[in-house]
Amino acid sequence: MEQLPEAARARMAEIRSSGTWGSALTTNEFAAVRAVGFEPVGQVLGSCVYHLGYAGAYNCPGAWIGAGYTQTTTSRGYYAAYGQMVQSLYDARRRALERMSTECGLLGGDGVVGVRLAIRRFPAGGIEFTAIGTAVRAAGSRVRPRHPFTSHVTGQEFAKLVLNGWIPVSLVLGIAIGTRHDDWWTRMSSRRWAGNLEVAGYTDLVNRTRHESRAELKRHVQAAHADGVVVSSIDLEIRERECPVTDGQRDHICESTAIGTAIAAFKSSAQPPRAGALAIMSLDPERRAAARGETSLRYL
């Protein structure tokens, strides 16, 4: 388990000795979690401040061949462009999530619901990654999981999953960074007087980067031995830089981050969907009588 900072260990000891618990759940979430046999045991937090120094990609492959060139990098391409940046983003988020899971285990929880991931600039330099959620425990269960689950789903969504035979396994990420050298065609297509037309180079950059992040997400779902994933968001950030190789030209950099919760079925099969439409009873007595074929009496 991830080693907790001293302040976090002290906070866990204080919560355990107090005999009370706190949560980030709303009233409706609390009721939903309780309705499926779980109860909150405390609010948990994981934090990590990372210094992102060397990001890689000090070269530009597209500039050498004199044309637009799109290169995407995932955690598997560590030595490629921005490979070290991607790996650092994974490591920072993993540390924050593992520290949150460790706090959940210390409180006797079985998992964490409603996890919120946040990234903030640290005033002294670096980036702070935080993960905060509510640890829950299966009421009356004598068997505890070896590793607490983590999930972004709300209390109501967690209840719906459990009622339909599914349980969260792990919060999973898919991160990819793509870079493209702005060639002549791209520059001409994006100028003000070019008119309304597609910039094919930028479309290619966005599509490839999004595809790589989803492929990474799928790989992490398989590594968690889950059956599927409930995706919460796919964020896209695009920025530009001066080309490090060719003076006066620019490159565009695209970062795609997919976040979701890997889930697994704990029953032989999920509950079948409700067949047909719901029966709706009218509050109008005359309409109910007409539906039964009765004669409605009117009093004058």
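Reply: Start with contacts, meaning heavy atoms within 4.5 Å. Residues 24 or more positions apart account for 74% of the contacts in the protein with a separation of 6 or more. Keep in mind that this is a predicted model, where local features need pLDDT of at least 70, side-chain atom pairs count only at pLDDT 80 or more, and totals for chains, interfaces and linings use all residues. Residues are numbered from 1 along each chain as its sequence is written, and side-chain values use heavy atoms, with hydrogens and water left out.

Me: How many helices and strands are there in the protein?

Reply: Eight helices and eight strands. They are DSSP runs numbered from the N terminus: helices are H or I with at least four residues, strands are E with at least two.

Me: What makes β1 and β4 a pair?

Reply: Two strands pair if DSSP finds at least two bridges between them. β1 and β4 (residues 127-138) are joined by 12 bridges and run antiparallel, so by the rule of at least two they count as paired. One example is Y50, whose bridge partner in β4 is I127. In general, strands of a sheet pair through backbone hydrogen bonds, either parallel or antiparallel.

Me: Why do β1 and β5 stand at the edges?

Reply: Look at the order: the open sheet has four strands, β1-β4-β3-β5, with mixed pairing. β1 (38-50) and β5 (149-150) each have a single partner strand, so one side of each has no neighbour in the sheet. Helix α2 (residues 27-35) lies across β1 and β4, at about 120° to β1. That angle is taken between N-to-C directions, from 0 to 180 degrees, using axes fitted to C-alpha atoms, for helices over the stretch in contact.

Me: How do you know that β8 is largely enclosed by the rest of the structure?

Reply: Count its buried residues, where buried means under 20% relative accessible area, exposed over 50% and partly exposed in between (1.4 Å probe, protein chains only). In β8, 14 of the 16 residues are buried, so the strand is largely enclosed. For the protein as a whole, 41% of the 300 residues count as buried.

Me: Which strands does β8 pair with in the antiparallel sense?

Reply: β6 is joined to β8 by 15 bridges and runs antiparallel to it, with S170 facing its bridge partner A262 in β8. β7 and β8 also pair in the antiparallel sense, over 14 bridges; there, E242 has R250 as its bridge partner in β8.

Me: What makes a group of residues a nonpolar core?

Reply: The members must be buried Ala, Val, Leu, Ile, Met, Phe, Trp, Tyr or Cys, joined through side-chain atoms within 4.5 Å. The largest one here has 29 residues, and V44, M100 and V115 have the most contacts inside it. Elements giving it two or more residues include α1 (6-18), β3 (111-121) and β6 (166-181). The largest share, nine residues, comes from α4. Leaving aside neighbours within four places in sequence, V44 is in contact with residues including M100, L107, V112 and A131. Apart from this core lies another, of 15 residues, among them F38, A159, L161 and I263.

Me: Why is the R34 and E39 contact called a salt bridge?

Reply: The rule asks for a side-chain nitrogen of Lys or Arg within 4 Å of a carboxyl oxygen of Asp or Glu. R34 and E39 come in at 3.3 Å, N to O, so the pair meets the 4 Å limit. R34, at 45% relative accessibility, is partly exposed, and so is E39 at 28%. The count by this rule is six salt bridges.
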